[in-house]
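Please walk through the strands and charged side chains of the model shown here.

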Amino acid sequence: MKLRLRFIIIVLLAFKSLIINAQESVGNFDHLYGYDAFLYNGRIYSFLPETGTIGSQYLLNEFDINGKVNLRGVSYFNLTINYDLYNQQLILKYTNAIGSVSQIEISEAWLESFDLYSQHFEYLPLPDSTKRIFQVLGDGPLKVAYYHRKDISLNTRTSSTEHYYSDPILEKFVLNGNQMNKYKNN
């Protein structure tokens, strides 16, 4: 009797496992065309801080799942992004075609702006013809721009080998048309 009951349970479990559906693939992968080449055109993000480094290189500790990115005039919504202040890179986290989580650096060649946790950032040229990512407040010819960055420092305690990220360092600018003027107080 016990052998028969075990056989029936095994057969039911085997039958049940055949009809169980796998998890649905949710994300931004189009099975016909694949990923959008403008958005998913960057290097794989492979920065690993030294073991034991305290803190985070990101502007915020968690990725924003409602981020927005503008590339070459095209807006992409509901992206999972974060801003790496140490490396000055916008990082996109996504689920790839095989279902694992990947991170890429969004290409600066096409990046115009992005919104992260209701803060607006733009990729702006400097007077020396380089570009940086700035948090921009206001619209029109007169704007305020903040440049965020972080540094890694060695903990100065006796015989400590730990590194840590600094608090965000902020440089403030006023944009008047194409002119950028730095300021320190109100």
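In which sense do strand β5 and β6 pair, and over how many bridges? Strand β5, residues 111-116, runs antiparallel to β6, and the pairing extends over four bridges. The model is a predicted one. Within this pairing, leucine 116 has glutamine 119 of β6 as its bridge partner. Two residues separate the strands of the β5 and β6 hairpin, where tyrosine 117 adopts a positive phi near 50 degrees.

On to the next pairing: β6 and β7 are also antiparallel, here over five bridges. Leucine 124 is placed opposite arginine 132 of β7. The hairpin of β6 and β7 has five residues between its strands, and serine 129 there has a positive phi near 70 degrees.

Strand β6 covers residues 119-125 and contains glutamate 122. Is glutamate 122 buried or exposed? Its relative accessible area is 16%, so glutamate 122 is buried, the cut-off for that class being under 20%. The side chain of glutamate 122 makes a polar contact of 3.0 Å with the side chain of histidine 120. Beyond the neighbours within four places in sequence, glutamate 122 is in contact with Glu112, Ser113, Arg132, Ile133, Phe134, Val136 and Lys143.

One of these contacts, Lys143, is also a charged partner: the side chains of lysine 143 and glutamate 122 form a salt bridge, with N to O at 4.0 Å. Lysine 143 belongs to strand β8 (residues 142-149) and glutamate 122 to strand β6, so this pair ties together parts 21 residues apart in sequence. Both lysine 143 and glutamate 122 are buried.

The whole structure holds six salt bridges. Side chains of opposite charge can pair when their charged atoms come close. Another salt bridge joins glutamate 171 and arginine 132, whose closest N and O atoms are 3.9 Å apart. Glutamate 171 is in strand β11 (residues 169-176) and arginine 132 is in strand β7 (residues 131-137), so parts 39 residues apart in sequence are tied together by the pair. Glutamate 171 counts as buried because its relative accessibility is 16%, whereas arginine 132, at 27%, counts as partly exposed.

Aspartate 151 and arginine 149 provide a further example, their side chains meeting in a salt bridge of 3.0 Å, N to O. Aspartate 151 counts as partly exposed at 31% relative accessibility, and arginine 149 counts as partly exposed at 25%. Which residues do salt bridges with shared partners join into one network? The network consists of Arg132, Arg149, Asp151, Glu171 and Lys182.

Aspartate 84 lies in strand β2, which spans residues 74-84. Aspartate 84 is buried but has no salt bridge. How far away is the nearest side chain of opposite charge? That side chain is lysine 150, at 8.2 Å from aspartate 84, while a salt bridge requires the nitrogen and oxygen to be within 4 Å.

Aspartate 84 does have a polar partner: its side chain and that of tyrosine 45 are joined by a polar contact of 2.5 Å. Glutamate 122, by comparison, is buried and meets lysine 143 in a salt bridge, whereas buried aspartate 84 has none.

Terms used
Residues are numbered from 1 along each chain as its sequence is written. This is a predicted model: local features need pLDDT of at least 70, side-chain atom pairs count only at pLDDT 80 or more; totals for chains, interfaces and linings use all residues. Side-chain values use heavy atoms; hydrogens and water are left out. Buried means under 20% relative accessible area, exposed over 50%, partly exposed in between (1.4 Å probe, protein chains only). Lys and Arg count as positive and Asp and Glu as negative; His and the chain ends are not counted. A polar contact is a pair of N or O atoms within 3.5 Å; within protein, one must be able to donate a hydrogen and the other to accept it, and residues adjacent in sequence count only if both atoms are side-chain atoms. Contact means heavy atoms within 4.5 Å. Two strands pair if DSSP finds at least two bridges between them.
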